[in-house]
Amino acid sequence: MSQRFAPGQAPVQSRYQPPPPVPGMRPYPPPGATFPPRGFPLHPNTTQPVPGTTTAPGVPGVPGVPGPSLLQRAAQQPAFQSSLRGTGPGGGGGGTGGGSKRSNESRSGGKVEFVAAKKKKKLADKILPQKVRDLVPESQAYMDLLTFERKLDATIMRKRLDIQEALKRPMKQKRKLRIFISNTFYPSKEPSNDGEEGAVASWELRVEGRLLEDGKGDPNTKIKRKFSSFFKSLVIELDKELYGPDNHLVEWHRTHTTQETDGFQVKRPGDRNVRCTILLLLDYQPLQFKLDPRLARLLGVHTQTRPVIISALWQYIKTHKLQDAHEREYINCDKYLEQIFSCQRMKFAEIPQRLNPLLHPPDPIVINHFIESGAENKQTACYDIDVEVDDTLKNQMNSFLMSTASQQEIQGLDTKIHETVDTINQMKTNREFFLSFAKDPQMFIHRWIISQTRDLKLMTDVVGNPEEERRAEFYYQPWTHEAVSRYFFTKVNQKRAELEQALGIRNG
């Protein structure tokens, strides 16, 4: 007894002899063989445990007997409701497979599949099931409205995209701007005996203007633009012989801090007639350029934006078939383009760069005005010029795209429709459940319990089949005697190993 063994290891030479084999039973395996843990019954034809069979959690000490609250706990789990939906009029078998499949998907898919399923539900949760449509023929009117709604939503979405594309392009309309140029002469005054100071003769020049009404009665025209907002700069050139080289120019240029005004006023002393020149440079948005005279005559464009100029040049190239037939990125210049661009061949990508020297600032508007110093009354002259202003339709498009009131109302109605369809689906499920129960109550309850058991096993990670283990027939199968014998044999070997180890330690 001086030999030591590891805890739980049986000795090679065993003094314990197994009992003689019973007829109908297989012989015991040699000492040291492993056995399945307690609760895994063996199949009669193999030494491996039968998967899916074990003692169920329930009454302590009684394997395979579930506790009295097992079905109550199952009824509180979400799978209880899912199995109800899986049970159709054909019996509880449909609910069994459906419950297990849903549980497997919920265990393996995770949050990603849950979110994807939620999105899929949002796309089709307005559609009524076919069974509901068969039971209620009037529901076809709802389906027709649903089809019309889809077409309407597609049309509105397409129009919104068209509006967004239209807003990316400049939307301008031409309007008439009437310019009023007036001058007033103030004669000189001699100093009086009352103490009033005298005054030299002077004149005052005013430049004002306003947009003419187009007669359409658009409410947006009530917002008046300041006169200075139409111009980038204004220069008044007076007679240099009268006011000298340093005082004959009056200039105004727009800056980032410029305050808009309704007009300009110039006051100078003098009692002689004055000729003045007023130069007005319009503030083009987007920027416009004046073309070189040769290119302007060729394209028929005098002053335009850069995209319009490039488009006109491309139209000229297509009309005269100047694109190279083999190398499509090249242009073969004709005699006119060759004189303008000074090259016989150029790439498409070189066009903007070669256009830059040919684009000049636009010409200002020149108005010649004569100030008569001897006139006592106010003299006014009017001029009409064409200006480009933002199209009023652009504001309506922006308000249509930015409006959220109708979207909120539609979302509220969609939510009500979703809730109503969910309620209909729930009532349909309840109806099928009760119809199946009324058709065959015994078979329905049997299949329903099997479905609930499988769902509960997947939810709680229970190994085995508690529904079969709680019945007495489960323990009268042919392999139960061998399983009990193996269990006791394992326990005897374990106790003997512990005793021999204890005696070996003491003898040592």
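**Questions on a predicted model**

The side chain of Ser436 comes to 2.9 Å from the backbone oxygen of Glu432 in this predicted model.

User: Is Ser436 buried or exposed?
Analyst: Ser436 belongs to helix 12, which covers residues 405-439. The relative accessibility of Ser436 is 4%, and the cut-off for a buried residue is under 20%. Ser436 therefore counts as buried.

User: Which residues of helix 11 make the contact with helix 5?
Analyst: Helix 5 passes helix 11 in a left-handed crossing. On the side of helix 5 the contact is made by Arg160, Ile163, Gln164 and Leu167, and on the side of helix 11 by Lys394, Met397, Asn398, Phe400 and Leu401.

User: Is Lys321 buried or exposed?
Analyst: Lys321, although not a glycine, has a positive phi of about 55 degrees, and Lys321 sits in the loop between helix 8 (306-319) and strand 9 (330-332). Most residues other than glycine have a negative phi. With 74% relative accessibility, and the cut-off for exposed at over 50%, Lys321 counts as exposed.

User: What is omega for the cis peptide bond of Gln285 and Pro286?
Analyst: Pro286 is placed in the loop between strand 6 (274-282) and strand 7 (288-291). The bond that joins Gln285 and Pro286 is cis, with omega about 0 degrees.

Note on methods:
Residues numbered from 1 in each chain as written. Predicted model: local features only at pLDDT ≥ 70, side-chain atom pairs only at ≥ 80, totals over all residues. Heavy atoms only, no water. Left-handed = near helix turned anticlockwise from the far one by under 90°. Helix = DSSP H or I, 4+ residues; strand = E, 2+ residues; numbered from the N terminus. Contact = heavy atoms within 4.5 Å. Buried < 20%, exposed > 50% of the residue type's maximum accessible area, 1.4 Å probe, protein only. Polar contact = N/O pair within 3.5 Å; in protein donor to acceptor, adjacent residues only side chain to side chain.
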